[in-house]
Amino acid sequence: MAQAARRLAALLVYGACALLAGCGGDVEGKVDELPVGSEAPAYGDTFVQASIGDIGGLIPNLTSDQSSHEVGSMIYDGLVKQDKDLNIAPAMAESWTFSKDCLTLTFKLRKDVKWHDGQPFTANDVLFTWKTITNPKTPAPFKDGFLQVKDVEVLDPHTVRVTYPKPYARALETWGEDILPKHLLEPYVADGKLRESPQNRFPIGTGPYRFREWKPGEKVVVTANPDYYEGRPYIGRIVYRVIPSQATIFLELKAKGVDYSLLGAFQYSRQTEYPAFRKAYNKYRYPGTGYTFFAFNLKDPRFADKRVRQAFAHAISKPELIEGIRIGLAREATGPIRPGTWAYTDQVKRYEYNPEKAKALLAEAGWIDRDDDGVVEDRQGRPFTFTIRTNQGNDERRKIAEIVQQRLKAIGVNADIQVIEWAAFIKEFVKPRRFEALVLGLGTGVDPDQYVIWHSSQTAPDQMNRTGYSNPEVDRLLEAGRASCTQKDRIPYYHRLQEILADDLPMIFLYYDERLPVVSSRFRGIEPAPAGIFYNFNQWYVPKYLQRYTSG
Amino acid sequence: MALFALRRLLLAVPLLIGITFISYLVITLAPGGPLDFLTPDDPNASPEVKERLIKEFGLDKPIPVQYWNWLTRAVRLDFGRSFLPDGKPVLTKIGERLPITLLLNSVEMLIIVGLAVPIGVLSATRQYSLYDKVTTVFVFIGFATPDFWLALLLMTLFGAQLGWLPISGLRHLNWEYLPFWRQQWDFASHLILPITVATFGGLAGFSRYMRQSMLEVIRQDYVQTARAKGLSERVVISKHALRNALLPVVTILGLSLPGLIGGSIIVETIFAIPGMGQLMVQSVFSRDYPVVMGNLVIVSTLTLVANLIADMAYGLVDPRIRLGGRRGRR
């Protein structure tokens, strides 16, 4: 029954995915080969996860790398969290209310939350965390959300009131920030020595897992918190193993040395389809958080012409890119807002692959092949030649550049490709806007606010509007969109934003990649959803008869 | 001898300063800085944090001033703290990584020397024999085989297919629950593949040196003399020839001392061993200047010391060469 429900859920979420055998728990048919025993939820066992890089530190608020945040999210909790549909749900706050003008936000905190050292969690910790992050001496890379706050007041030990000077759309989301223990950290914050505090080595949090050990470059171990306020997690221990080589991770998977890893598209669809692997692991796929794009420098007179940009969009075939580079494991992008989130709409202009139309648009913009050499020229006879730049170390982007180069050649545009080391790429080309076109990727949050990426005021070297896009209507929409705290009010602004961007094409949105994890088939209770698979990790379990490790 | 050592030591000081200055220059001039990696390329990142950290790390000052600040602290053995969010002292970070690298490389070195000397000697004494040809081909295959490729093959065979040996890491996940002798075996079994791979690659150099040096020696007159005295071939080779043939090998051995702590990046990366090689690569990639510099100082000091030791050892084992103060004697 549970199996059926899970499959149904998977089908509903990913219609197309059903065609591939690779979705959802697919162990049935092989059950007779496994030892039999009770499928009842049981405590114990260890979840072994491989990651390429070590964590940066154990105060996740100070780090910006993925591994630190993954580990941190097990040890710490925020006031709110994301549920399986990417909506905001209660965590350490049991409820909250916004005032009508969106300027005050009042949290009611749970009374049964304790720090791992037994101290009670109170409103003072919330106030302390806000003060810590906004303290100029704290080197937290993401402060913006908390800097928008005017004041935080403790009304009683379990009630906090936050006030904003003006409505701030991401207000609630920012309170997903990990809350830090006041009783352990106060002196370090005042001295600006947070990074050097014991907390950064032996953290005390309120989350579902307690810190056990960190062997730099080798592993991080956490164990289940028996007093967790939402109940003790079933899986007794999590080991994050640092394995810097992707090839080694893959071999460890084959030898069942790790229980979870993300796969590349080729590994996912070609190298792991043999029966033994299918028996040992369940494969999942769900939309990733980032999209890959082909960006124009709009300050370049050739690309300032919308018809040229649209011609390029018609010349490039997104299905071809997805098939050729991701073996079909990606989703066409139509705009910068993540599909599956509430602000997304697919009711926007699309550009089918059509080289003839592309040529016609180019001709309209004055680009015609005047001397029959296969390359289009402008009225002064200058050929259309430019350089696509991308960063080293990302094979997908390099391949995209190569395919695009071929497709553009077919419409008479000459593109060179330059692949540059990351640091130099950002510093020498992207920030000073010394580029003609880029292939790059961008991660998206759950909130649709895109102010810093598209607003015309955000074009300084260190700012994120890299194409130099400027459109008064878009500016207005972005301002209005972030100035309300009600989803319903915000939706129309973002729908319109997506329409305009799809028509204006400051960049060609190519695709959203898909996350392709495999999890050892002994783990039960995994239910893929738009948020991925980890949102209900505390409910995962291994039936007693399948447990492999002592959980400590 | 003492005078010679002292003079060399004194000369090493300006040399070391020169090395650190050039290293500092090169690492700070490399494109990008630590802040490009600490403050993410993300729409929600706060730019003021960057300013703040630049100040805190002293990166707002001109490079010579930065270098001077570093040097004045370094002479007091204060190498500062890592720029990364863990903010650990550089020496702590190196201390965490050093033991495993030292262990791996020493064992590897012992095995290489232990194998290379007999291989080299036998090849030399039986020059152009079938044995000579076979070992020559064998060690050159080792020399030409890329580490990572061999590592992956062995991991696939012994780890994934046969399941005899662990694939990567240092300890089993349930290590702390194992009985004592199982713990030792578990740890050792994790080291077998990495050491095999590293040894196979390093065997060629040493055995060829040994062969070459032995070939030269056995053509010498005194070896002929020894034979003429009627000594058995065994004694001639092992007592008279080998001692002399080992001289150049001692020098090479001395020069490979710094390699003991340098660590092999490829082997460490592919076997997920948290050693010095990985630390160095990661700190260079993230432009973690204090850690890079700390590492370089240790490695270059060791190189200089190893040079000195090699020179002195050479003098000690070879009576023909006496250095320094006794130069006057002809």
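This is a predicted model: local features need pLDDT of at least 70, side-chain atom pairs count only at pLDDT 80 or more; totals for chains, interfaces and linings use all residues.
Let me begin with chain A, whose secondary structure comes to 18 helices and 19 strands. The C-alpha trace of chain A spans about 80 × 60 × 40 Å along its principal axes, and 46% of the 552 residues count as buried. If we take the contacts in chain A with a separation of 6 or more, 70% of them are between residues 24 or more positions apart.

Turning now to the contact between the chains, 47 residues come from chain A and 40 residues from chain B. On the side of chain A that touches chain B, the elements giving two or more residues are the strands β1 (44-51) and β10 (235-242), together with the helices α7 (246-254), α15 (422-430) and α16 (451-454). By residue class, that side of chain A divides into 22 nonpolar, 12 polar and 13 charged.

Finally, I would like to look at B:A198, which lies in helix α8 (residues 180-218) of chain B. Is B:A198 buried or exposed? It counts as buried, because it has 25 C-beta neighbours inside 10 Å, where 20 or more are required. Leaving aside residues up to four places away in sequence, B:A198 touches B:E108, B:S264 and B:V267. B:D147, for its part, is 51 residues from B:A198 in sequence, while their C-alpha atoms are 7.2 Å apart in space.

Notes
Residues are numbered from 1 along each chain as its sequence is written. Chains are lettered from A and ligands numbered from 1 in the order in which they are written. Two residues are in contact if their C-beta atoms, placed from the backbone, lie within 7 Å. Helices (H or I, at least four residues) and strands (E, at least two) are DSSP runs, numbered from the N terminus. Ala, Val, Leu, Ile, Met, Phe, Trp, Tyr, Cys and Pro count as nonpolar, Asp, Glu, Lys and Arg as charged, and the others, Gly among them, as polar. A residue is buried if 20 or more other C-beta atoms lie within 10 Å of its own, exposed if 12 or fewer, and partly exposed in between; C-beta atoms are placed from the backbone.
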